[in-house]
Amino acid sequence: MTAMDEKILETVRKYKSGQLAEDQLLQELKALQYVDLGFARIDTARSDRQGFPEVIYCAGKTPEQCAKIMHRLSLCSDNVLATRADEAVYAAISAAVPDVRYYPQARIVALERSPLPKDEERSVAVITAGTSDIPVAEEAAVTAEIMGNNVTRIYDVGVAGIHRLFAQLDVIHQANVLIVAAGMEGALASVVGGLVNKPVIAVPTSVGYGANFGGLSALLGMLNSCSAGVAVVNIDNGFGAGRLASIINHMR
């Protein structure tokens, strides 16, 4: 029985015992599915469906909107993530939910009241081609960590100095899932994919000069990889990579 099942049964019992009227029962059941804040409908049932609560994408929202969403999610979930958060968003959220933590390089605000257990025998490796790819990689790494995964970081091992990658092969082979963030032509994902028998999640970044086209060249290079076992998420989508790696790492 899921936590949502228990909440539904508790609400029904209150109605049967006379503690709730019919209109109150209806409101309670609706609130178990989503909460309408006027500017956002918060999916309070997502954790039961997908294993982790709704994640707040802060870009395009005002700091006040982000704070209200985080506060409401904090009432029904112990662990909540807000991505693409700047200092202004963090200030607003921390005023509403004081026990959050800010990861400035990853641009993530995280509430972690009940840290999820991590399997010590399984890990996610996050690899970057260059130092400039680290912000996207950190979004992936922090996401995976908050979602209950051990993460190993291997940064600045791109193909321009591929001996740096080879020096980390022992560590790389120990990981259960690999995330590779690369800009420019995005070649590192294919190289890593050809060296391992584990799933590789490629993250094209918008790092590069003009013909990189804001990450499009890396995206196309990764989509056309000749290495088997390489999947690709959207440009700069560290969160998507971290979430997917977490799902794979928890499968049995």
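The side chains of D99 and R113 form a salt bridge with an N to O distance of 2.7 Å (a salt bridge being a side-chain nitrogen of Lys or Arg within 4 Å of a carboxyl oxygen of Asp or Glu). D99 sits in the loop between α5 and β5 (101–103) and R113 in the loop between β6 (108–112) and β7 (123–128), so the pair ties together parts 14 residues apart in sequence. The model is predicted: local features need pLDDT of at least 70, side-chain atom pairs count only at pLDDT 80 or more, and totals for chains, interfaces and linings use all residues. Residues are numbered from 1 along each chain as its sequence is written, and side-chain values use heavy atoms, with hydrogens and water left out.

**Salt bridges**

- The whole structure holds seven salt bridges.
- D99 is partly exposed at 40% relative accessible area (buried is under 20%, exposed over 50%, partly exposed in between, with a 1.4 Å probe and protein chains only).
- R113 is likewise partly exposed, at 38%.
- E139 and R84 meet through their side chains in a salt bridge of 2.9 Å, N to O.
- This pair links distant parts of the chain, 55 residues apart: E139 is in helix α6 (residues 134–146) and R84 in the loop between β4 (79–83) and α5 (87–96) (helices, H or I of at least four residues, and strands, E of at least two, are DSSP runs numbered from the N terminus).
- E139 is buried at 3% relative accessibility, whereas R84 is partly exposed at 21%.
- R153 and E138 form a salt bridge of 2.6 Å, N to O.
- R153 lies in strand β8 (residues 150–154) and E138 in helix α6, so the pair ties together parts 15 residues apart in sequence.
- Salt bridges with shared partners join E138, E145 and R153 into one network.

**Nonpolar surface patch**

- F213, L216, L220 and L223 make a nonpolar surface patch of about 420 Å² (patch residues have over 30% relative accessible area and no salt bridge, and nonpolar side chains, namely Val, Leu, Ile, Met, Phe, Trp and Tyr, are joined within 5 Å, like charges within 9 Å; areas come from the Shrake-Rupley method with a 1.4 Å probe).
- F213 is in the loop between β10 (200–204) and α10 (216–223) and is exposed, at 61% relative accessible area.
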